Amino acid sequence: MNITADGAAFAAEAAARLEEASATEIIQWAADTFGDRLCLTASMADAVMVDLVSKVVPGIDVIFLDTGYHFPETLGTRDAVAQTYPINLITVTPSRTVAEQDRDLGPRLYARNPDLCCYLRKVEPLQRALQSYDAWLTGLRRDEAVTRRTVGVVQWDARKKKIKVNPIARWTQEQVESYIAEHGVLVNPLQDDGYPSIGCAPCTQRVPEGADPRSGRWAGTGKVECGLHS
């Protein structure tokens with residue numbers, strides 16, 4: 001298949017066919033379709049996707065974007081995940097360190113221009129990291145945010161010219177929590193400290209119980225996505 005030419009139509013057909021499939025069935029389809037040209041991206045808020053995917057594709061490449069601004073707990077979760085699950089963890093870093101970015105663009109870019117900071121420290125590194133793959137698996141879910149309500153289980157990312165596979169798109173938060181409890185999945189300890197959605201430390205705040213889980217991300221800026229999935 002010519003992914004670039006036929007990607008949108010291919011993704012639409014696959015999404016319709018797999019809409020009612022289980023997460024494991026979707027992962028198996030992706031593995032059968034893309035082979036070693038498939039990877040998983042993980043933010044290390046929890047290891048649900050790592051647990052699911054590594055049972056179907058042991059040894060899969062798992063890409064973690066180390067922005068230079070992560071909480072220590074997130075980096076600790078990454079290290080624990082790498083030791084616990086049968087995966088090949090790949091840590092990807094931006095082209096510039098935080099110090100180099102501060103030198104070139106001024107300090108606290110994340111406060112002055114969060115979109116640019118996210119682009120430099122997340123979007124561009126992921127674009128670079130995905131060059132070796134035709135498709136990647138994510139943990140996107142429809143109930144996470146208003147901006148994600150139409151997420152398909154299979155999508156075409158026209159900007160990256162890649163297939164994006166979201167096996168747990170239909171899962172609710174309750175299903176995630178049930179899976180974690182049933183399978184003893186590793187979870188970032190910040191989840192139990194008021195951070196239901198975890199990003200870079202300077203741009204993530206605790207969320208009051210019952211509030212929108214993503215309201216602690218870029219609070220007060222009107223920004224709701226980093227750009228990785230848009």
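Which residues have the most contacts inside the largest nonpolar core? They are Trp 29, Val 50, Leu 52, Ile 60, Leu 137 and Val 154, in a core of 45 residues. A nonpolar core here means buried Ala, Val, Leu, Ile, Met, Phe, Trp, Tyr and Cys residues joined through side-chain atoms within 4.5 Å, and buried means under 20% relative accessible area with a 1.4 Å probe, protein chains only.

This is a predicted model, so local features need pLDDT of at least 70 and side-chain atom pairs pLDDT 80 or more, while totals for chains, interfaces and linings use all residues. Numbering runs from 1 along each chain as its sequence is written, and side-chain values use heavy atoms, leaving out hydrogens and water.

Overall, the chain has eight helices and six strands, taken as DSSP runs (H or I, at least four residues; E, at least two) numbered from the N terminus. Buried residues make up 49% of the 230 residues.

Leu 52 touches Ala 23, Thr 24, Ile 27, Ile 168, Trp 171 and Tyr 179, leaving aside residues up to four places away in sequence; touching means heavy atoms within 4.5 Å.

For Cys 117, the nearest cysteine sulfur is that of Cys 118, 6.1 Å away.

| Residue | Relative accessible area |
|---|---|
| Cys 39 | 0% |
| Cys 117 | 5% |

How values were computed
Buried means under 20% relative accessible area, exposed over 50%, partly exposed in between (1.4 Å probe, protein chains only). A disulfide is a pair of cysteine sulfur atoms within 2.5 Å.
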